[in-house]
Amino acid sequence: MKVHDLRSALELLKTMPGQLVETSVPVDPMSELSGVYRYVGAGGTVPRPTKVDGPAMIFHTVKGHPDASVVIGLLASRTRVAALLGTRKEELGKLLCACAKNPIQPVVTEEKAPCQEVVHLASDPDFDLFRLIPAPTNTPLDAGPYITMGMCYATHPDTGLSDVTIHRMCIQSRDELSIFLQPGSRHIGAMAERATELGQPLPISVSIGVDPAIEIGSCFEPPTTPLGFNELSIAGALRKTPVVLHKCVSIEENCIANAEYVIEGEIIPGVKVVEDQNSHTGYAMPEFPGYNGKASSECWLIKVKAVTTRKHPIMQTVIGPSEEHVNLAGIPTEASILGLIDKALPGKITNVYAHAAGGGKYLAVLQCRKTVPTDEGKQRQAALLAFSAFPELKHVILVDEDVDIFDSRDVLWAMTTRFQGDRDIITIPGVRCHPLDPSASPEYSDSIPDTGISCKTIFDCTVPFRQQERFRRAAFMEVDPKKWLPGFDF
């Protein structure tokens with residue numbers, strides 16, 4: 001089945017046993033919806049008990065939103081992501097790496113767009129984002145209803161080059177959103193800063209509920225996708241056809257034509273918003289490391305001009321610290337690491353896994369190949385390149401080809417039997433990493449001069465080349481077990 005939008009993605013999942021569940025039991029989007037999905041399939045760094053590798057879930061009866069449904073967990077399983085992108089789960093990083101090297105640029109259509117079947121203009125006195133957008137909160141401490149899967153699309157005021165990224169956005173009033181743009185980290189932030197220097201607003205569209213290829217592709221970061229690289233072109237390469245855009249109805253910008261929702265607006269220059277101005281909880285929402293993120297007093301303001309939707313739209317959302325975030329952030333991370341290392345050390349790293357324990361950002365496991373004596377030491381060079389490919393990476397674990405990098409028990413087995421702390425740990429202190437790591441703070445250690453600085457660490461759990469015979473795993477007879485248990489899920 002060909003996937004080209006959210007609805008076709010859901011239809012594919014319906015053909016796959018155990019990958020999608022639906023309910024018509026009423027649910028409150030304020031904390032209850034996410035609270036339910038925690039047990040169904042959140043995984044990631046969500047507090048236990050939670051279900052890892054559970055199904056996606058559709059809520060058909062959402063309180064306060066009689067015309068809409070909400071889907072959560074679409075990408076919370078690597079198996080599901082692979083099926084939606086037409087590959088094997090072990091090959092996702094390699095596929096994304098190849099697509100980033102061979103992009104297909106989006107196109108703009110003048111045909112009627114599905115995302116504009118229903119149009120709501122902010123000039124209408126009944127316009128109200130709280131009523132129009134069934135945006136959930138993850139927890140009772142959240143600053144407000146959050147849009148967590150919005151594809152933010154804008155154009156640089158100088159170059160005319162466009163880009164798409166995902167940012168957290170909180171509904172603040174009937175026609176206002178706050179958007180958190182981490183300084184220096186994403187392209188939309190650079191565009192907003194330049195527009196502010198010019199004293200002009202930055203038109204922005206937020207497309208929600210789109211083809212999963214767009215959602216995964218939009219999560220690439222520099223240096224793999226520098227400023228001016230439109231990540232929609234990666235989704236085009238994944239589908240082997242351009243992403244289709246359409247002109248917005250109220251601003252001079254494009255949106256994703258087959259989205260379920262599109263919010264159209266402008267980032268207002270020089271205006272900053274306190275994220276929890278309505279709730280005063282002190283928190284934003286739970287972030288990927290598993291902790292409640294602090295509310296920012298430096299969010300940018302989006303003044304909304306219109307909301308367009310499909311008929312009976314499907315809102316898509318994600319739990320901040322869930323397995324879904326791991327896949328959204330982690331698979332592009334794997335692709336970025338593979339791409340850079342393969343240029344410098346071709347054939348020496350066979351695969352990469354951005355581990356769930358690091359939210360897809362902090363921890364990577366590299367599968368290393370040593371075929372000649374001079375390969376010894378190249379595994380550590382590869383780890384250094386991984387830090388360059390993805391600057392937010394904190395820890396790298398190196399293992400041999402006979403270790404399944406996607407099985408944490410196998411990785412820990414390698415660490416237990418092929419690793420000695422006094423000789424196989426390499427530390428690089430004082431390196432900028434990520435501000436959401438609570439241990440990356442002067443309060444945690446006097447060795448840390450500023451928030452967001454970490455000691456990057458390499459754990460070399462590979463066998464020294466000249467001792468490979470000593471560490472050969474027990475070999476079993478190769479058989480086809482289906483002969484004995486034909487109906488068993490191997």
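Reader: Let's start with the open sheet of 4 strands. What is the strand order?
Author: First, a caution: this is a predicted model. The order in that open sheet is β1-β2-β3-β18, and the pairing is mixed.

Reader: Which strands stand at the edges?
Author: β1 (20-23) and β18 (314-317). Each has a single partner strand, so one side of each is left without a neighbour in the sheet.

Reader: How much are neighbouring strands turned against each other?
Author: By 20° on average, with direction ignored.

Reader: What holds strands together in general?
Author: Strands of a sheet pair through backbone hydrogen bonds, either parallel or antiparallel.

Reader: Which residue does Ile58 stand opposite?
Author: Val71, in β3.

Reader: Switching to helices. How many residues of α8 are buried?
Author: 8 of its 8 residues, so the helix counts as mostly covered. Among them are Leu232, Ile234, Gly236 and Arg239.

Reader: What follows α8?
Author: Lys240 does. Its phi is positive, near 60°.

Reader: I clicked on Thr241. Where is that?
Author: Thr241 sits in a loop, with α8 (232-239) on one side and β12 (244-247) on the other.

Reader: Why does Thr241 count as partly exposed?
Author: Because its relative accessibility is 36%. Buried means under 20%, and exposed means over 50%.

Reader: What is Thr241 in contact with, leaving aside neighbours within four places in sequence?
Author: Ile104 and Gly236. Gly236 is one of the buried residues of α8.

Reader: How far apart are Thr241 and Glu252?
Author: They are 11 residues apart in sequence. In space the gap is 25 Å, C-alpha to C-alpha.

Reader: New topic: holes. How many cavities of 30 Å³ or more are there?
Author: The count is 1. The largest cavity has a volume of about 40 Å³.

Reader: Which residues line the largest cavity?
Author: Lys348, Ile349, Cys368, Arg369, Lys370, Asp375, Lys378 and Gln379. By class, that lining has 2 nonpolar, 1 polar and 5 charged residues.

Reader: Now pockets. How much space lies in the largest pocket?
Author: About 1,300 Å³. The lining has 49 residues. Arg168, Phe180, Gln182, Glu287 and Leu436 lie nearest the centre.

Reader: Which elements each supply at least two residues of that lining?
Author: α6 (187-197), β16 (292-294) and α9 (323-344). The largest share, 4 residues, comes from α9.

Reader: And how does the lining of the largest pocket divide?
Author: Into 22 nonpolar, 15 polar and 12 charged residues.

Reader: What about the second largest pocket, how much space lies in it?
Author: About 480 Å³. It is lined by 19 residues, and the closest to its centre are Val52, Glu323, Tyr353, Ala356 and Phe406.

Reader: Which elements give two or more residues there?
Author: α3 (78-85) and α9 do, for the lining of the second largest pocket. So α9 turns up again: it also supplies lining residues to the largest pocket.

Reader: Last one. What does the lining of the second largest pocket have by class?
Author: 5 nonpolar, 6 polar and 8 charged residues.

Definitions and conventions:
Residues are numbered from 1 along each chain as its sequence is written. This is a predicted model: local features need pLDDT of at least 70, side-chain atom pairs count only at pLDDT 80 or more; totals for chains, interfaces and linings use all residues. Side-chain values use heavy atoms; hydrogens and water are left out. Buried means under 20% relative accessible area, exposed over 50%, partly exposed in between (1.4 Å probe, protein chains only). Contact means heavy atoms within 4.5 Å. Two strands pair if DSSP finds at least two bridges between them. Axes are lines fitted to C-alpha atoms, for helices over the stretch in contact, and angles run from 0 to 180 degrees between N-to-C directions. On a 1 Å grid over the protein atoms alone, a cavity is a set of points where a 1.4 Å probe fits but cannot get out, and a pocket is an open set with protein on both sides within 12 Å along at least five of seven lines; lining residues have an atom within 4 Å of a point. Grid points are joined across faces, edges and corners, and a volume is the space filled by probe spheres set on the points. Ala, Val, Leu, Ile, Met, Phe, Trp, Tyr, Cys and Pro count as nonpolar, Asp, Glu, Lys and Arg as charged, and the others, Gly among them, as polar.
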